[in-house]
Protein chains: 4
Amino acid sequence: MAIVLGSHQYGKAESRLVRFRRDSARHEIQDLNVSTSLRGSFAEAHLYGDQSQVLPTDTQKNTAYAYAKSVGIESIETFGLALARHFVDDIDPVTGARIEIEQYGWTRAVVDGAEHDHTWVRAGEEVRTAAITVDGTGDDRHVHVVGGLKDLVLLKSTGSEFRDFLVDEYTTLPATSDRVLATSLVARWRFETLDVEWDAVYASVKRILVAQFATLQSLALQQTLWHMGKAVLAAHPEIAEIRFSAPNKHHFLADLSPFGLENSGEVFHAADRPYGLIQANITRDDASDPGSAWDAGAGLA
Amino acid sequence: MAIVLGSHQYGKAESRLVRFRRDSARHEIQDLNVSTSLRGSFAEAHLYGDQSQVLPTDTQKNTAYAYAKSVGIESIETFGLALARHFVDDIDPVTGARIEIEQYGWTRAVVDGAEHDHTWVRAGEEVRTAAITVDGTGDDRHVHVVGGLKDLVLLKSTGSEFRDFLVDEYTTLPATSDRVLATSLVARWRFETLDVEWDAVYASVKRILVAQFATLQSLALQQTLWHMGKAVLAAHPEIAEIRFSAPNKHHFLADLSPFGLENSGEVFHAADRPYGLIQANITRDDASDPGSAWDAGAGLA
Amino acid sequence: MAIVLGSHQYGKAESRLVRFRRDSARHEIQDLNVSTSLRGSFAEAHLYGDQSQVLPTDTQKNTAYAYAKSVGIESIETFGLALARHFVDDIDPVTGARIEIEQYGWTRAVVDGAEHDHTWVRAGEEVRTAAITVDGTGDDRHVHVVGGLKDLVLLKSTGSEFRDFLVDEYTTLPATSDRVLATSLVARWRFETLDVEWDAVYASVKRILVAQFATLQSLALQQTLWHMGKAVLAAHPEIAEIRFSAPNKHHFLADLSPFGLENSGEVFHAADRPYGLIQANITRDDASDPGSAWDAGAGLA
Amino acid sequence: MAIVLGSHQYGKAESRLVRFRRDSARHEIQDLNVSTSLRGSFAEAHLYGDQSQVLPTDTQKNTAYAYAKSVGIESIETFGLALARHFVDDIDPVTGARIEIEQYGWTRAVVDGAEHDHTWVRAGEEVRTAAITVDGTGDDRHVHVVGGLKDLVLLKSTGSEFRDFLVDEYTTLPATSDRVLATSLVARWRFETLDVEWDAVYASVKRILVAQFATLQSLALQQTLWHMGKAVLAAHPEIAEIRFSAPNKHHFLADLSPFGLENSGEVFHAADRPYGLIQANITRDDASDPGSAWDAGAGLA
C-alpha cells in the first residue's frame, strides 16, 4: 500500500524558433513552436532531488536551436525525428522522447504583382502540427509520426441539414434542412511509414479535407467528418488513421420577424459558447498498433 | 483492408451555467462551465447521416440547465454524476458519458467589514475542475470521478535550487542554489470511492498542495511535485492517484552589473515562453484500475 | 465644488453578425463584429436611474441585425454610416453615435482547382476595421469615417538596420546592420470625403503598406512607418491622415557559438514580451479638423 | 499641401518586472508589467532614419530594471514618476514621457494557518494600474498621475432592475425588476496632487467601488457607476475625476418552462458576446485641466 511514482516526463515547451534559408537572394522562412518531452529514469530527481540524470530543459531548447542550424528543417516531421532520435540515442537516461511542433504559415509579400524575396505576410489560415515519438532503442525501437493541422476554420452557407434526430423531454431544438455549418477543425493523422513526402502529403490532406467539407451534402457534422477521413485514407495509403476534433460553431438565424423582415438564411448571429463538439477516429481495419503515438503525456492524460 | 469508424463521441462544450441559491436573503453562487460528451451507437450518424439515435447537443445543454434546477448542485462532482447517469440510463443509444466541469470562485463583497448577502467579487485564484465518467449499465457499470484544479499560480522567492544536473555539449545553463520557483499548477486526482465529502476534500487537497510547495526546500520542480502528491495521498485514503502538469514559469535574474548595481535575487524578468513543463503521476501501488477515468476523448487523444 | 457627470456614452459591443448574399448559387459572405455607442442626453439615467431616454443596448443589437437585411452591407463603412445616421436621426435623445466594426476575411474553398460557390476558409491575414462617427444634426452635422486594419503581421529577413542610436549609461544593445524586422501592424486612416470606393481603397492601402514595408531598406521601424504613411497619402487624396501603432516584434539571433556553429541570420528566437512600440501619425498639412473622428470614448480615453 | 509627420512616440511595452524585497526573512513581492513611451524630437528618425536622438527601447527596459533596484518600488505611482522624470530630465531629446504600469496581486500562502514568509499564491481579483505622464521642463513641467484598476469582476444576484426604457420599432427586450447585474470594471482616477498615500488611497477606492456596487438598488448600470464615482470623489479630495468603462456582462435566465420547471432567478446562462458597454466620467466641476493625463498615445488615439 505504498505511494509510488507513476509515469512522468519533463521537457521544454513552446520554444519559438524561426529559421531562414538564405542560400540565395530568395530567402525561405520556417516559423515553429517546438516542445520537447523526455521520458526515462528520472525517479531520483523526483524522490530525492538528485539531478544527475536530468538534462536541463534549457539544454533541450538549445538543442532545438542548434539542430535548426546543423541539421536544418526539411519539414517539421523530419526535424522532430532528428531531435527525438538524438535525445533517445545520445542522452543516456532518456528512453523515450516526444517532440511536438506547430508551424505557422507565411505567404510572400506581393510587390507590383511579384512575390518578394525576403518579405512575408503571416497567413492565418491554419497551423500545421506534428507529434513525433521515439520509444526505446535497438530492436525495441518504436517510432511514431503524427501529422496534423488545427485552427482550420471552414464554413458553408448551405448544403447542411440537421433533422430527424432523437427527441426526449429536454429537446426543444427545431429540425432544419438548410443551416450554416462551420467548424474550427483539428485533424491529426498517424503515418504507417517514415518514407513519406511530408510536405506534399500535408498539402494533399488539407486539400482533401476542404474539398469534402465543401461538396458533401451534410446531414450532420458527424457524417462530414467520416467522409473527410475516409477520403484522406483512400488517397493516402501511408496514413493508418485520422482523428478529428471538430467544434460545431453555431450560427443562429437572427429573428427579424418582429421588424417585418424576412430572413431566408441571410443574417446570422455567430455564437461563441457553448458549441457542439464532435470527435471521431477513422482508421484502417488493418492499421498497425498505435503504441504511444497518440500519448502526449506518457499516460498522464 | 477496409476503412472503418473507430472510437467517437460528441457533446456540448462550455455551457456557462450560473446557479444561485436564494432560499434566504443570503444567496449562494455557483459559476460553472459544463461540457458533456456521449459515447455509444452513433455509427449510423457518421456513416449514413442518420440522426435517429443522436440526442442533439442542444438537448444536452438544456438538460444541464434543467438539472441545475431540479437536482441542484451540491458540488460539481455530484452534479456531474447526476448528468452522466441520466444520459447513460435514460437515453437508449448512450452507453457512456463524460462530464467535465470547471468552477470559478467568487468571494463575498465586503461592505463595512461584513460579507454582503448577494454581491460577490470574482476570485481569480484557481479554477476547480471535475471529470466524471459513467461507462456501461448494470454489472458492467463503471463510475469514475476525477477532481482537480488548474491555474493555481504559486511562487516562492527562495528555497529553490537547481544544480548538479546532467551536462552535455548543448548545456549552457549555470547551476543555482537560490532561484525563484513559480508554476501555474494543474492537478487532478482520481477518487477510489464515491463516498466523499467533495468540497471538504477539495479544500484540503488545495491546502496541502500550497503548504508543500511553500515548505519544501526544492532541489527541482520534479521533487516538489512528488512531495505534493505524496502528502495528498497520505492524507486522503479516498484518492487513488494524483497527476500534475506544472510549467516552470521562468524568472530570470536581471543582469544589472553593467549599471554598477548588485542584484541579489531582487529584480527578475518573468518570461512567457518557452517554459519548462514537468508532468508526473503519483499513485498508490494498490490503486484500482483507472479504466476510462482519464480518457477525455474516448481514445481520441 | 460639486461633483458632476462628465462625458458619457453607452452601447452594445461585439455583436457577431454574419451576412450572406444568396441572390445566386454563388453566395457571398460578410463576417462582422459590430459595436455601437450612443451619446446624448442620458444624465437622468445616471443621476436618477430614469431610463425613459435610454434605448436599450439590446435594441441597438437588433437594429444592427435588421439593417444587415434591410439596408445590406455594401461595405463596413457604408453599413456603419447607415447605423450611425439612424441612431442620431431617428432616436430623439441621441445626439451622436459611434459605430466600430471589424471584418474578418474568408477565402473561397478550392475544389478541383475551382473556387467553391458556398464554402469558405477563414483567412487569418488581417482584420479590416472601420470607425464611423456622426455628431449633431442639420448644419451642425459632422460625419467622420476612419478605415483601417489590424493584426497585419509583416516580417522581412533582411533589409533592416538599427545603429548609430543614442547611448546612455543604461544602454547595452549592440548595433546591427542586418536584422529581422517584424510587426503586427495597426493602421487607421481618416477620410476627407464620403465619396469613396471603400473596398477598392482598402485593397489599395493594404497593398501599398505591404509594398513599402518590403522594399524600403529600413534604418528604423520609425522610418518604415513614415514611408508607408507617405505612400498611402500620396496615392489617396481622399485620405487626410493615417495613424500607425506598430509593435517591434523582436527576433533575437540564437547564440550558437557555444556549440561551434555559425549563425549568419538563420536561426532566431521570436520573443513575446517585451516589445518595442512605435506610434506615428502621418498627415497632410492642410487636413481638415478631425473633430471627434478619433475619439472612441467620448473623451473617456 | 505637403505630407508631414504628426504626433509620434515610441517605447518599450510590457516589460514583466518582478521585484522582491529580501531585507528580512519575510520577503515582499511586487509583480509589474511596465510600458514606457517617450515623446520629443524624433522626426529625424522617421524622415531620414537618423537614430542619433533615439534612445533604444532596449535601454528603456534596462532602465526600468535598474530603477527597480536603485530607486525601488514604493508604489507603482512613485516608480512611474521616477522613470518618467528620468527620461525627461536626463535624456536630451525627450520632452515627455508616459509610463503605464500594471500590478498583479499575490497573497501569501497559508501554511498551518500562518502566512508564509516567501511563498505566494497569485490573487486573480483585479489588476491595479497607473499611468504617469511628465510633460516639459522647468516652469512648463506638467505631471499627471492616473491610478486605476481593471478586471474587477463584480456580480449581484438581486437588487438590479431595468425597466421603463425608451422603446422603438426595434425593441424586443422585456422590462425586469429583478436581474443579475455583473461587470468587469475598468476604473481610472486622476489625482489633483502628488502628495498622496498611494497604496492607502488605492485600497480605499476599491473598497468604496465594491460597497457602492453592492448596496445600491440599481435601476441601471449607468446609475450604479454614477454613485460609485460620486462616493469615491466625496471620500477622496485628492482625486479630481474618475472614469469608468463597464461591460454589462449579461446573464440570461434559462427558460425551463418547457421542462415544467420554475426558474425564479436561480439558473442563468452567462453570455460572452455581445455585451452592453457603459462608459462615464464623474468629475468635480472645479477639477484642474487634465492636460495630457488621459492621452495614452500622444494624440494617436
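Why does Thr107(B) count as exposed? Thr107(B) has 12 C-beta neighbours inside 10 Å, and therefore counts as exposed. On this scale a residue is buried if 20 or more other C-beta atoms lie within 10 Å of its own, exposed if 12 or fewer, and partly exposed in between, with C-beta atoms placed from the backbone.

Before we go further, a word on what you are looking at. This is a predicted model, in which local features need pLDDT of at least 70 and side-chain atom pairs count only at pLDDT 80 or more, while totals for chains, interfaces and linings use all residues. Residues are numbered from 1 along each chain as its sequence is written, and chains are lettered from A and ligands numbered from 1 in the order in which they are written.

Let us stay with Thr107(B) for a moment. Thr107(B) sits in strand E3 of chain B, residues 94–111; helices (H or I, at least four residues) and strands (E, at least two) are DSSP runs, numbered from the N terminus. Setting aside neighbours within four places in sequence, Thr107(B) is in contact with Trp120(B), Val121(B) and Ala123(B). Contact here asks that the C-beta atoms of two residues, placed from the backbone, lie within 7 Å. Ser184(B) lies 77 residues from Thr107(B) in sequence, and their C-alpha atoms are 21 Å apart in space.

Now step back to a whole chain. Chain A has 5 helices and 10 strands, and its C-alpha atoms fill a box of roughly 75 × 70 × 40 Å along the principal axes. Of its 301 residues, 53% count as buried. Chain A is divided into domain 1 (10–140) and domain 2 (150–301), with bounds that come from an automatic or database domain assignment.

Back in chain B, look at the helix pair H4 (residues 198–215) and H5 (residues 221–235). The axes of H4(B) and H5(B) come within 9 Å and cross at roughly 145°; axes are lines fitted to C-alpha atoms, for helices over the stretch in contact, and angles run from 0 to 180 degrees between N-to-C directions. Among the residues making this contact are Ile208(B) and Leu209(B) of H4(B) and Met228(B) and Val232(B) of H5(B). The contact has 8 nonpolar, 4 polar and no charged residues.

Copies are superposed by least squares on the C-alpha atoms of residues with pLDDT of at least 70 in both. Chain B can likewise be laid on chain C by a turn of 180° and a shift of 0.0 Å along the axis. Asp272(B) is the residue of chain B that comes closest to the rotation axis, at 3.4 Å (C-alpha).

How values were computed. Nonpolar A, V, L, I, M, F, W, Y, C, P; charged D, E, K, R; others polar.
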